[in-house]
Amino acid sequence: QVQLEESGGGLVQAGGSLRLACEVSTHTISNYAMAWFRQAPGKERAIVANVNWSGGATYYIDSVKGRFTISRDNAKKTVYLQMNSLKPEDTATYYCAASNFIGNYNAPAPTSSGDYRYWGQGTQVTVSS
């Protein structure tokens with residue numbers, strides 16, 4: 001059973017920073033693509049960023065490019081989302097997800113939530129103006 005646990009959410013003023021962490025309880029995360037999704041009230045869950053199994057490919061939605069950075073530490077079985085220059089529109093519950101998808105070293109990870117089998121419970125991020 002693969003379990004994901006997010007941490008690091010909270011309340012921050014616009015322009016501030018937060019670092020989310022996702023710890024994965026499994027033998028290894030080296031064969032999983034990892035992603036962060038978010039869901040704001042009244043909206044559907046949507047991808048924010050992902051990183052493929054090797055770390056050789058990352059993806060960001062346009063609205064967070066240059067502000068957010070996804071990274072993975074396979075030894076610690078942890079994935080991070082560094083969020084800088086936060087905006088009120090970043091307010092949402094952030095979810096970590098893992099996918100069994102494996103391609104070549106630079107193959108992009110999936111962007112659809114349906115391709116992710118394992119999910120965390122979410123961590124709330126609130127950005128005040």
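In the predicted model, F37 has a relative accessibility of 1% and therefore counts as buried. This residue belongs to one of the five aromatic pairs that a search of the whole structure returns. The ring centres of F37 and Y116 are 5.4 Å apart and their planes stand at 75°, so the pair is edge-to-face. F37 is located in strand β4, whereas Y116 is located in the loop between β9 and β10 (118-119), so the pair ties together parts that are 79 residues apart in sequence. Y116 is likewise buried, its relative accessible area being 4%. Ring pairs extend this arrangement to W119, so that F37, Y116 and W119 are linked into a cluster.

A further aromatic pair is made by W53 and Y105. Their ring centres lie 6.2 Å apart with the planes at 80°, so this pair is also edge-to-face. W53 is placed in the loop between β5 and β6 (58-60) and Y105 in the loop between β9 and β10; the pair thus links distant parts of the chain, 52 residues apart. With a relative accessibility of 26%, W53 counts as partly exposed. Aromatic rings are also approached by arginine side chains. The charged end of R45 is positioned over the ring of Y95, at 3.7 Å from its centre. R19 lies over the face of Y80, with a distance of 3.9 Å from the ring centre.

The largest nonpolar core comprises 38 residues, of which L4, M34, W36, L81, M83 and Y94 touch the most other members. Two or more residues are contributed to this core by each of β3 (18-25), β4 (33-39), β5 (46-51), β7 (68-73), β8 (78-83), β9 (92-99) and β11 (123-128). The surroundings of M34 were examined with its neighbours within four places in sequence left aside. On this basis M34 is in contact with L4, C22, V24, N50, V51, I70, R72, V79, C96, A97, A98 and Y116. Two of these partners, C22 and C96, are the cysteines of the disulfide.

The structure holds one disulfide. It is formed by C22 and C96, whose sulfur atoms are 2.1 Å apart. C22 lies in strand β3 and C96 in strand β9, so the pair ties together parts that are 74 residues apart in sequence. The torsion about the S-S bond is about -80°, and the disulfide is therefore left-handed. Both C22 and C96 are buried.

The C-alpha atoms of T78 and C22 are separated by 5.3 Å, although the two residues are 56 residues apart along the chain. T78 counts as buried, at 5% relative accessibility.

Charged side chains form three salt bridges. In one of them, the side chains of R38 and D90 meet with an N to O distance of 3.0 Å. R38 belongs to strand β4 and D90 to the loop between β8 and β9, and the pair links distant parts of the chain, 52 residues apart. R38 and D90 are both buried, with D90 at 1% relative accessibility. D90 also forms a salt bridge with R67, in which the closest N and O atoms are 2.8 Å apart. R67 is found in the loop between β6 and β7, and this pair again links distant parts of the chain, 23 residues apart. At 10% relative accessibility, R67 counts as buried. R38, R67 and D90 are accordingly linked in a network of salt bridges. Another salt bridge joins the side chains of D62 and K65, at 3.1 Å from N to O. D62 has a relative accessible area of 64% and is therefore exposed, whereas D90 is buried.

Note on methods
Residues numbered from 1 in each chain as written. Predicted model: local features only at pLDDT ≥ 70, side-chain atom pairs only at ≥ 80, totals over all residues. Heavy atoms only, no water. Core = buried A, V, L, I, M, F, W, Y, C linked by side-chain atoms within 4.5 Å. Buried < 20%, exposed > 50% of the residue type's maximum accessible area, 1.4 Å probe, protein only. Helix = DSSP H or I, 4+ residues; strand = E, 2+ residues; numbered from the N terminus. Contact = heavy atoms within 4.5 Å. Disulfide = S-S within 2.5 Å. Phe/Tyr/Trp six-rings, centres within 6.5 Å; stacked < 30°, edge-to-face > 60°. Lys NZ or Arg CZ within 6 Å of the ring centre and 35° of its normal. Salt bridge = Lys/Arg side-chain N within 4 Å of Asp/Glu carboxyl O.
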